[in-house]
Amino acid sequence: MLQLSPVIAGCMKWGQWGVKYSTAQYLQLIEECIAANITSFDHADIYGDYTVEEEFGNALKQKPRLRQQMQLITKCGIRRLTPNRPEHKIHSYDTSREHIILSVEKSLKNLNTDYIDLLFIHRPDPLMNPAEIAEAFSQLKNDGKVLHFGVSNFTPSQMDMMVTAFNVEYNQLEVSVLHLDPFHDGSLDKCIEHAIRPMSWGPLGSGKLYSDDGDERNIRILAVANLLAERYHAAVDQILLAFLFKHPSGIIPVIGSTKIERLKTAYASAKINIEREEWFMLWRASKGHEIP
Ligand SMILES: NC(=O)c1ccc[n+]([C@@H]2O[C@H](COP(=O)([O-])OP(=O)(O)OC[C@H]3O[C@@H](n4cnc5c(N)ncnc54)[C@H](OP(=O)(O)O)[C@@H]3O)[C@@H](O)[C@H]2O)c1
């Protein structure tokens with residue numbers, strides 16, 4: 001079983017799609033995360049329009065020994081329309097054996113590593129063939145290039161289909177107090193049924209909660225989160241994460257913050273165990289009505 005840190009550092013906004021860190025800043029954040037026991041880093045080939053993996057890899061090149069202290073996660077299967085990939089004529093998905101293997105080869109080179117700890121199929125592809133994906137995964141595993149495999153944004157029936165072909169260890173889903181669907185659309189039930197560990201992307205609502213745009217739902221959620229934050233001598237972010245940690249499926253949050261202080265705060269939330277009634281206060285605030 002893969003050992004990941006209790007919260008994962010999401011790298012999506014470290015580069016062009018966010019704060020545009022320099023190599024020195026990447027290195028600093030990587031080292032600060034590891035020092036704070038946040039050792040797992042979440043990538044995708046496409047982040048920063050195919051640039052973030054390479055920027056992260058350039059930082060690793062400066063201190064190659066850091067690689068042994070971390071787990072690298074990446075994804076494949078989306079072909080973005082961008083000047084960085086002129087061969088892509090349309091935004092599309094590709095889960096062919098050829099694409100998966102080629103994408104991993106590029107990720108290995110960009111990340112400056114010999115192996116990836118965990119590879120995801122980024123989004124369900126209407127044309128995906130589980131047997132073909134399994135073939136690619138098995139080749140990558142046999143070659144020692146990828147150690148573990150998962151899916152991302154897959155529905156319950158898609159999870160059922162994939163487990164017939166290979167060992168699906170994780171499903172990375174959008175789930176948070178602001179996005180409750182996986183709690184009742186069968187996604188988390190299916191994770192428990194198949195022993196698939198869920199990861200949450202957007203665990204803090206992708207920053208939307210803090211937008212201050214007068215959204216009534218945000219105001220309701222923040223009111224409850226603030227109340228609980230006071231009760232637990234915690235930060236609002238920690239209460240939102242404690243909501244996820246409470247679920248029996250063992251949700252691992254992928255934190256999108258680019259700031260070490262917020263990442264450390266997130267790490268410390270793993271020890272907060274809110275009461276059931278408090279969990280339902282957050283649920284009610286999000287839904288805007290009582291449970292049936
Ligand atoms: N599998 C998928 O399809 C998929 C999709 C999207 C994302 N992901 C992964 O999931 C990770 C996290 O996603 P996310 O970025 O949507 O997650 P998130 O952790 O919910 O949101 C992060 C955003 O919230 C802001 N934020 C956090 N705390 C804040 C606070 N107290 N006040 C104001 N702003 C605050 C952060 O800004 P600062 O940087 O300023 O802290 C950042 O912009 C990504 O990095 C990526 O690795 C996966």
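The model is predicted. Its largest nonpolar core holds 76 residues. The shell around the ligand has 25 residues.

**Nonpolar core**
- Within the largest core, I8, A9, V104, L119 and F243 touch the most other members.
- Helix α10 (residues 236-245) gives this core its largest share, seven residues.
- In soluble globular proteins, nonpolar side chains tend to be buried together.
- Leaving aside residues up to four places away in sequence, A9 touches C33, I38, S40, F41, D42, I255 and L263.

**Ligand shell**
- The residues that come nearest the ligand are G10, M12, S206, G207 and G256.
- By type, the shell divides into 12 polar, eight nonpolar and five charged residues.

**Helix α6**
- Q158, M159 and M162 are buried in α6.
- These three sit on the same side of α6, because they cover an arc of only 105° around the axis.
- An α-helix has 3.6 residues a turn, so residues three or four places apart point the same way.

- T164 lies in the loop between α6 (156-163) and β8 (170-174).
- T164 counts as exposed because it has 10 C-beta neighbours inside 10 Å, and the cut-off for exposed is 12 or fewer.
- From T164 to N84 the separation is 80 residues in sequence and 36 Å in space, C-alpha to C-alpha.

Methods: Residues are numbered from 1 along each chain as its sequence is written. This is a predicted model: local features need pLDDT of at least 70, side-chain atom pairs count only at pLDDT 80 or more; totals for chains, interfaces and linings use all residues. A nonpolar core is a set of buried Ala, Val, Leu, Ile, Met, Phe, Trp, Tyr and Cys residues joined through C-beta atoms within 7 Å. A residue is buried if 20 or more other C-beta atoms lie within 10 Å of its own, exposed if 12 or fewer, and partly exposed in between; C-beta atoms are placed from the backbone. Helices (H or I, at least four residues) and strands (E, at least two) are DSSP runs, numbered from the N terminus. Two residues are in contact if their C-beta atoms, placed from the backbone, lie within 7 Å. A residue is near a molecule or strand if its C-beta atom, placed from the backbone, lies within 6 Å of it. Ala, Val, Leu, Ile, Met, Phe, Trp, Tyr, Cys and Pro count as nonpolar, Asp, Glu, Lys and Arg as charged, and the others, Gly among them, as polar. The arc is that of the directions from the helix axis to the C-beta atoms.
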